[in-house]
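Dear colleague,

I am handing over the structure below, and after it I have set out what was found when going through it. Please read the notes with the structure open beside them.

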Amino acid sequence: MQHGPAVRRRKLGAELRALRTSAGLTSGEAARLVGWHQSKVSRIETGASGVKPADVRLLLDAYRVADANLRELLLVLAGSDESGGRHHWWHAYRGVLPPTYRDFISLESQASAMRTLETSVVPGLLQTPEYARAVTRAAVDGLDDERLDALVEVRLARQDILRAQPPLELSAVLDEAVLRREVGGPEVMARQLERLLEAARLPQVRLQVLPFTAGAHVGITGPFVIFSFSHTSDLDVVVLDHLTSSLYLERKEDLQAYTEAFNTLRIHALSPEDSLDYLAVMGDGA
């Protein structure tokens with residue numbers, strides 16, 4: 001397990017190596033094309049050193065990569081601040097967002113699909129403003145009103161990716177505890193249940209409730225997120241969120257294990273249709 005930036009360097013390097021190979025070039029030939037020493041190309045490809053977006057552009061041009069979406073994704077992994085596709089709006093909040101959160105948002109903004117298991121709270125992409133405020137206040141100790149407002153703004157701005165073209169495809173399994181935990185009081189929870197019902201009816205959202213009657217399950221150890229990218233599965237990553245940081249798992253074995261776990265959870269959860277009915281009943285009783 002590694003922190004986001006290290007994972008991003010390694011994933012970027014691996015993708016650049018694959019593109020070089022597809023172009024029929026050795027690392028020495030690639031270095032000569034862009035006017036570098038071969039060792040620089042090797043360090044970039046192994047993730048041993050960071051790489052500037054401008055250098056990534058040089059390599060992509062040398063490898064004749066024309067796919068605009070793939071180029072943008074790789075530039076984001078290199079830390080590009082340029083707007084394109086889904087705008088990098090979060091840079092306006094650099095003063096209030098920790099690096100690990102900014103890294104998470106940048107991956108989320110470029111992902112084509114997101115699978116998530118939540119065991120305690122409603123996923124951030126589906127939270128109402130009032131629920132987001134209550135959760136943020138509880139999770140981050142000692143927040144003043146100005147910073148709290150900014151963090152809630154960020155949470156709500158992230159939700160735009162569900163309305164983008166194309167939208168992020170969200171598949172969420174919610175443990176029943178998420179729905180039973182009264183965050184912010186009865187009125188806040190009643191509105192939050194309405195919001196979940198609205199979201200569950202969207203074609204890009206698949207929401208399933210994992211009832212208490214399912215008993216012990218593979219997700220009992222904690223929540224997780226799997227990001228997938230339409231251009232290459234090699235960039236897929238699992239994110240585990242902790243109190244003070246996020247950890248990223250990139251090995252194929254880890255991705256396979258969490259993918260299988262998520263598929264198992266979906267089998268044990270209520271179907272999307274039954275989950276809608278379940279939420280409706282809960283909403284009526286809220």
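Is helix α5 (residues 68–77) largely enclosed by the rest of the structure or largely open, and why? Please keep in mind throughout that this is a predicted model. Eight of the 10 residues of α5 are buried, so this helix is largely enclosed by the rest of the structure; the buried ones are L70, R71, E72, L73, L74, L75, V76 and L77. At its N-terminal end α5 is capped by D67, from which a side-chain oxygen lies 3.1 Å from the backbone nitrogen of L70.

Two backbone features deserve a careful look. Most residues other than glycine have a negative phi, and most peptide bonds are trans. R64, in the loop between α4 (53–62) and α5, has a positive phi of about 55° although it is not a glycine, and R64 counts as exposed because its relative accessibility is 77%, where the cut-off for exposed is over 50%. A cis peptide bond, with omega about 0°, joins Q165 and P166, and P166 lies in the loop between α8 (145–158) and β2 (169–175).

Leaving aside residues up to four places away in sequence, F227 touches F104, L107, E108, A111, A113, M114, D236, V237 and V239.

With best regards

Key:
Residues numbered from 1 in each chain as written. Predicted model: local features only at pLDDT ≥ 70, side-chain atom pairs only at ≥ 80, totals over all residues. Heavy atoms only, no water. Buried < 20%, exposed > 50% of the residue type's maximum accessible area, 1.4 Å probe, protein only. Helix = DSSP H or I, 4+ residues; strand = E, 2+ residues; numbered from the N terminus. Polar contact = N/O pair within 3.5 Å; in protein donor to acceptor, adjacent residues only side chain to side chain. Contact = heavy atoms within 4.5 Å.
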